[in-house]
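Work through these exercises with the model open beside you. Try each task before you read its solution.

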Amino acid sequence: MADKARAKRLADLIREVIAEKLHRGIKDPRLGTRVTITDTRVTGDLREATVFYTVYGDESDREEVAAGLRSAKGVLRAAVGAAAGVKHTPSLEFVPDALPETTRNLEDLFDRARERDEEVRRTSAGAQYAGGADPYREDGDAGTAETRDGADTDGTEDRTDR
């Protein structure tokens, strides 16, 4: 098993080589500038690499890019092998990255939270406290407000309630 630093360096190299090859080396019209390599992960034994990608476009564009990546897998693996110089070139698996969908969902949640905050702000704009600013203190009884156990705040106990 290789160390983590070596796997990380290989993953970074794979990401760079594949991104460069997709933008300049492969003439497939399904690929090119529509696909972005976001991350690459390599297993501990350096035998398999997972390449995460995003696609600029709709669902049909995503399907076209996935088909293009499947057909170019051998060419891309050969390019990685030539650049890496390792004994065994890792097999490549392309996985669509969920980052754009997650970001879109988070943005929707943030928008709904902002709308709710604004609604609460509008509703509470002219609101006042129910019963005054201090509901436990009546006007004029500044020093003798009674607490729950029957003791006055001035230290005396009210025996008439018991």
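This is a predicted model: local features need pLDDT of at least 70, side-chain atom pairs count only at pLDDT 80 or more; totals for chains, interfaces and linings use all residues.

**Exercise 1. Classify D39 and R41, and state how they are linked.**

Solution. 
Step 1. Take D39. Its relative accessible area is 24%, so D39 is partly exposed.
Step 2. Take R41. Its relative accessibility is 52%, so R41 counts as exposed.
Step 3. Look for the link. D39 and R41 form a salt bridge, and their closest N and O atoms are 3.3 Å apart.

**Exercise 2. Describe the salt bridge between E20 and R24, and explain how far apart the partners lie along their helix.**

Solution. 
Step 1. Find the distance. The closest N and O atoms of E20 and R24 are 2.5 Å apart.
Step 2. Use the helix. Both residues belong to helix α1 and are four residues apart, so about one helical turn separates them.
Step 3. Classify E20. With a relative accessible area of 41%, E20 is partly exposed.
Step 4. Classify R24. With a relative accessible area of 64%, R24 is exposed.

**Exercise 3. Is D61 buried or exposed, and what does it touch?**

Solution. 
Step 1. D61 sits in helix α2.
Step 2. Apply the cut-off. D61 has a relative accessible area of 18%, so D61 is buried.
Step 3. List its contacts. Leaving aside neighbours within four places in sequence, D61 is in contact with R34, V55 and Y56.

**Exercise 4. Describe the largest nonpolar core, and say which elements supply it.**

Solution. 
Step 1. Recall the background. Nonpolar side chains tend to be buried together in soluble globular proteins.
Step 2. Count the residues. The largest nonpolar core has 26, and those with the most contacts inside it are I14, I18, L22, Y53 and L76.
Step 3. Assign the elements. At least two core residues come from each of α1 (4-25), β1 (35-42), β2 (48-55), α2 (59-71), α3 (73-84) and β3 (91-96).
Step 4. Find the main supplier. The largest share, seven residues, comes from α1.
Step 5. Follow Y53. Setting aside neighbours within four places in sequence, its contacts include V35, I37, V65, L69 and F94.

**Exercise 5. Characterise the largest pocket by volume, lining and residue type.**

Solution. 
Step 1. Give the volume. It is about 210 Å³.
Step 2. Name the lining. Among the lining residues are Y53, V55, E59, R62, P100 and R104.
Step 3. Assign the elements. Those giving two or more residues to the lining are β2, α2 and α4 (99-123).
Step 4. Find the main supplier. The largest share of the lining, four residues, comes from α2.
Step 5. Sort by type. The lining divides into five nonpolar, one polar and six charged residues.

Notes
Residues are numbered from 1 along each chain as its sequence is written. Side-chain values use heavy atoms; hydrogens and water are left out. A nonpolar core is a set of buried Ala, Val, Leu, Ile, Met, Phe, Trp, Tyr and Cys residues joined through side-chain atoms within 4.5 Å. Buried means under 20% relative accessible area, exposed over 50%, partly exposed in between (1.4 Å probe, protein chains only). Contact means heavy atoms within 4.5 Å. On a 1 Å grid over the protein atoms alone, a cavity is a set of points where a 1.4 Å probe fits but cannot get out, and a pocket is an open set with protein on both sides within 12 Å along at least five of seven lines; lining residues have an atom within 4 Å of a point. Grid points are joined across faces, edges and corners, and a volume is the space filled by probe spheres set on the points. Ala, Val, Leu, Ile, Met, Phe, Trp, Tyr, Cys and Pro count as nonpolar, Asp, Glu, Lys and Arg as charged, and the others, Gly among them, as polar. A salt bridge is a side-chain nitrogen of Lys or Arg within 4 Å of a carboxyl oxygen of Asp or Glu.
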